[in-house]
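Reader: Please take me through the ring pairs and the helix packing of this model, with the cut-offs stated.

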Amino acid sequence: MVGRILLLVLFMNAAFLIVNAVPETCPADLGGKCGEDSEWEGEFFPGVPKIKYEGPSSKNPLSYKWYNAEEVILGKKMKDWLRFSVAFWHTFRGTGADPFGAPTKSWPWEDGTNSIAMAKRRMRANFEFLNKLGVDRWCFHDRDIAPDGKTLKETNSNLDEVVALAKELQGDKIRPLWGTAQLFMHPRYMHGAATSSELGVYAYAAAQVKKAMEVTHYLGGENYVFWGGREGYQTLLNTDMERELDHMAKFLEAAAAYKKKIGFNGTLLIEPKPQEPTKHQYDWDAATTLNFLHKYGLLGEFKLNIECNHATLSGHSCHHDLETARINGMLGNIDANTGDPQVGWDTDQFLTDVGEATMIMLSVIRNGGLAPGGFNFDAKLRRESTDVEDLFIAHISGMDTLARGLRNAAKLIEDGSLAELVRKRYSSFDTELGAQIEAGKADFEMLEKKAMEWGEPKVASAKQELAEMIFQSAL
């Protein structure tokens with residue numbers, strides 16, 4: 001019996017050696033090697049085909065049911081309305097860790113290091129993912145794509161090396177929707193970056209943004225984002241809020257000046273968020289951020305990147321913050337995600353609510369689109385979703401949800417019933433006196449005379465339930 005077992009083991013080992021003696025390509029796993037350089041030549045996602053549109057009746061999870069990139073809606077292709085982007089940090093650096101648990105994900109291509117070689121491997125995986133998904137844009141933080149060095153100079157050199165590969169892999173079709181600097185994770189930024197109480201940190205942050213803006217420009221990026229995750233306070237007892245806000249304004253002013261100096265034509269975007277990780281973040285919501293930009297004379301230099309989960313954390317709907325930005329001519333980009341109403345923190349889930357997506361797309365259509373902005377999936381897999389194909393399924397679901405929202409919004413606009421309901425509600429202003437009021441030509445004496453003449457005004461129904469019925473009928 002022992003002899004038979006030994007023979008079986010020898011046979012299996014021999015078979016393994018024969019099968020693996022001359023591999024045609026390197027599999028994207030921990031053990032793959034090609035010659036002496038260990039570069040990956042095989043697929044990172046070998047079981048996933050290029051994702052195609054198959055229509056609403058398809059049961060294939062690796063297909064689009066509603067997103068048909070070339071289909072024309074309201075005179076524009078779906079891909080041009082939506083301008084989708086993949087977030088490098090959630091997709092390729094997300095581990096599933098949370099404050100209560102260790103990481104649950106380690107993708108097959110990861111080797112457990114944060115080396116330059118590993119950074120390049122992730123970058124290759126990123127572009128295979130984009131190509132299979134059929135998405136032309138990606139977003140990144142500088143420290144997500146390349147590791148810190150021992151000095152700022154070494155760190156910049158690391159970034160240059162990885163960015164050179166990204167430039168090669170992009171080709172002529174793919175480019176960053178936006179880039180940014182990670183100014184919140186390193187301990188040096190515990191008091192903030194532009195609002196830090198330490199001058200040295202302020203200078204370091206400026207140098208980091210300078211470099212991140214340069215590489216975004218080099219890669220053909222269309223926008224550059226500022227998210228001030230630690231630009232705020234934990235208590236006002238030890239905080240000079242006025243001075244910190246003044247410093248943040250000067251920092252953004254210098255960034256706008258440097259953008260022009262290097263010839264970067266992309267849009268500078270500020271991403272509001274109310275809190276987390278700070279107790280209070282200075283760019284709390286769209287309205288607060290607009291007021292800040294107005295006060296410091298920066299309205300012409302920046303637009304807003306609205307993240308849906310951030311809007312709900314500030315007590316608004318995503319639609320509210322989008323409309324606030326839009327009606328002020330400041331809607332530049334959307335970070336497409338959502339939160340859980342039962343959880344009071346930034347869960348960064350993929351948007352799957354068709355009703356919310358429809359309201360979002362109503363704002364986008366009224367804005368005439370988002371270009372040069374778009375929809376970035378600042379969203380991550382749930383901690384319990386650990387299969388590589390889950391990365392595709394999550395993005396497909398998010399893309400289909402927004403595509404369905406676009407179709408629904410187009411139906412509402414083409415039908416016209418909702419717009420007519422709103423028009424009728426304000427029709428009393430479609431009069432001579434209404435025009436005078438809206439032109440600023442009706443003073444209080446004139447209005448008092450009319451009030452005396454007309455007596456008690458009649459107040460019509462707002463027809464909220466009818467508006468909701470019309471909206472729901474489009475879903």
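Predicted model: local features only at pLDDT ≥ 70, side-chain atom pairs only at ≥ 80, totals over all residues.

Author: Residues are numbered from 1 along each chain as its sequence is written, and side-chain values use heavy atoms, with hydrogens and water left out.

Reader: What share of the protein chain's residues count as buried?
Author: The chain comes to 17 helices and 12 strands, which are DSSP runs numbered from the N terminus (helices H or I, at least four residues; strands E, at least two). Buried means under 20% relative accessible area, exposed over 50% and partly exposed in between, with a 1.4 Å probe and protein chains only. Of the 475 residues, the buried share is 48%.

Reader: How many aromatic pairs does a search of the whole structure find?
Author: Rings of Phe, Tyr and Trp (its six-membered ring) pair if their centres lie within 6.5 Å; planes under 30 degrees apart count as stacked, over 60 as edge-to-face and the rest as tilted. With that rule the search finds 24.

Reader: Why is the pair of Phe-92 and Phe-129 classed as it is?
Author: Phe-92 belongs to helix H3 (residues 88-93) and Phe-129 to helix H4 (residues 116-133), so the pair ties together parts that are 37 residues apart in sequence. Phe-92 is buried at a relative accessible area of 2%, and Phe-129 is buried at 0%. The ring centres are 5.9 Å apart and the planes are at 90 degrees, so the class is edge-to-face.

Reader: How many residues apart in sequence are the parts tied together by Phe-129 and Phe-392?
Author: These two rings form a tilted pair, 4.5 Å centre to centre with 50 degrees between the planes. Phe-129 and Phe-392 are both buried. Phe-129 lies in H4 and Phe-392 in helix H13 (residues 388-415), so the separation is 263 residues.

Reader: Over which ring does the charged end of Arg-188 sit?
Author: A charge sits over a ring if NZ of Lys or CZ of Arg is within 6 Å of the ring centre and within 35 degrees of the ring normal. The charged end of Lys-76 sits over Trp-81, 4.1 Å from the ring centre. For Arg-188 the distance to the centre is 3.9 Å, and the ring is that of Tyr-204.

Reader: Which residues of H13 meet Phe-129, Lys-132 and Leu-133 in H4?
Author: Contact means heavy atoms within 4.5 Å. On the H13 side the residues are Leu-391, Phe-392, His-395, Ile-396 and Met-399.

Reader: How are H4 and H6 oriented to each other, roughly parallel or oblique?
Author: Helix H6 covers residues 152-170, and its axis is 10 Å from that of H4. The packing angle is about 25 degrees. H4 and H6 are therefore roughly parallel.

Definitions and conventions. Axes fitted to C-alpha atoms, helices over the stretch in contact; angles between N-to-C directions. Parallel < 35°, antiparallel > 145°, perpendicular 65-115°, else oblique.
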